[in-house]
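Q: Please take a close look at one part of this chain and describe how that part sits in the whole. A plain account is enough.

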Amino acid sequence: MPVYEYKCNKCKAEFTYLKLRVDDEPLCPACKSRDVTKKISSFSCSGGGFPGSGFGSGLGHGGGC
Ligand SMILES: [Zn+2]
C-alpha cells in the first residue's frame, strides 16, 4: 500500500499520505500548502517503481511485488 511520508516546507509539519492515484497531490493538513517534500519511508519492496525515477504512469496496482 503506497503510504508516503511528507514534510511540509512551509510549516515543517510531517504527515503521511495514502496516495491512491499517481496524480494525487498531497496537501499539508496543517496549512493546506502544496509545497511539500516526499520522504522515502518504509518501502519494503524497492525493486520496481521507485518514487522519482521513471515512475509515473504504470503504478497504481501494487508496484509489482
Ligand atoms: Zn504546512
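Which residue in β2 does Lys7 stand opposite?

A: Lys7 stands opposite Glu14 in β2. The model is a predicted one, in which local features need pLDDT of at least 70 and side-chain atom pairs count only at pLDDT 80 or more, while totals for chains, interfaces and linings use all residues. Residue numbers start from 1 along each chain as its sequence is written.

The strands come first. Strand β1 covers residues 3-8 and strand β2 covers residues 14-18; the two run antiparallel and are joined by five bridges. Strands here are DSSP runs of E with at least two residues, helices are runs of H or I with at least four residues, and both are numbered from the N terminus. Two strands count as paired if DSSP finds at least two bridges between them. Strands of a sheet pair through backbone hydrogen bonds, either parallel or antiparallel.

β1 and β2 form a hairpin, with five residues between them. Lys12 lies in this loop between β1 and β2, and its phi is near 65 degrees, a positive value in a residue other than glycine. Lys12 counts as exposed because it has 10 C-beta neighbours inside 10 Å. The cut-offs are 20 or more other C-beta atoms within 10 Å of a residue's own for buried, 12 or fewer for exposed, and partly exposed in between, with C-beta atoms placed from the backbone.

Lys10 is also found in the loop between β1 and β2. With 14 other C-beta atoms within 10 Å, Lys10 is partly exposed. Leaving aside neighbours within four places in sequence, Lys10 is in contact with Cys28, Cys31, Ser33 and Asp35, where contact means that the C-beta atoms, placed from the backbone, lie within 7 Å. The C-alpha atoms of Lys10 and Lys32 are separated by 9.6 Å, and the two residues are 22 apart along the chain.

Lys32 itself is found in the loop between β2 and β3. Its phi is near 65 degrees, a positive value in a residue other than glycine. Lys32 counts as exposed, because 10 C-beta neighbours lie inside 10 Å.

Cys28 lies in the loop between β2 and β3, the latter being residues 36-39. Cys28 counts as buried because it has 21 C-beta neighbours inside 10 Å. Apart from neighbours within four places in sequence, Cys28 is in contact with Cys8, Lys10, Cys11, Ala13, Phe15, Ser33 and Val36.

In β3, Lys39 is the bridge partner of Glu5.

As for the whole chain, it has zero helices and three strands, following the pattern β-β-β along the sequence. Of its 65 residues, 8% count as buried. Among contacts between residues at least 6 apart in sequence, 34% join residues at least 24 apart.

Note on methods
Two residues are in contact if their C-beta atoms, placed from the backbone, lie within 7 Å.
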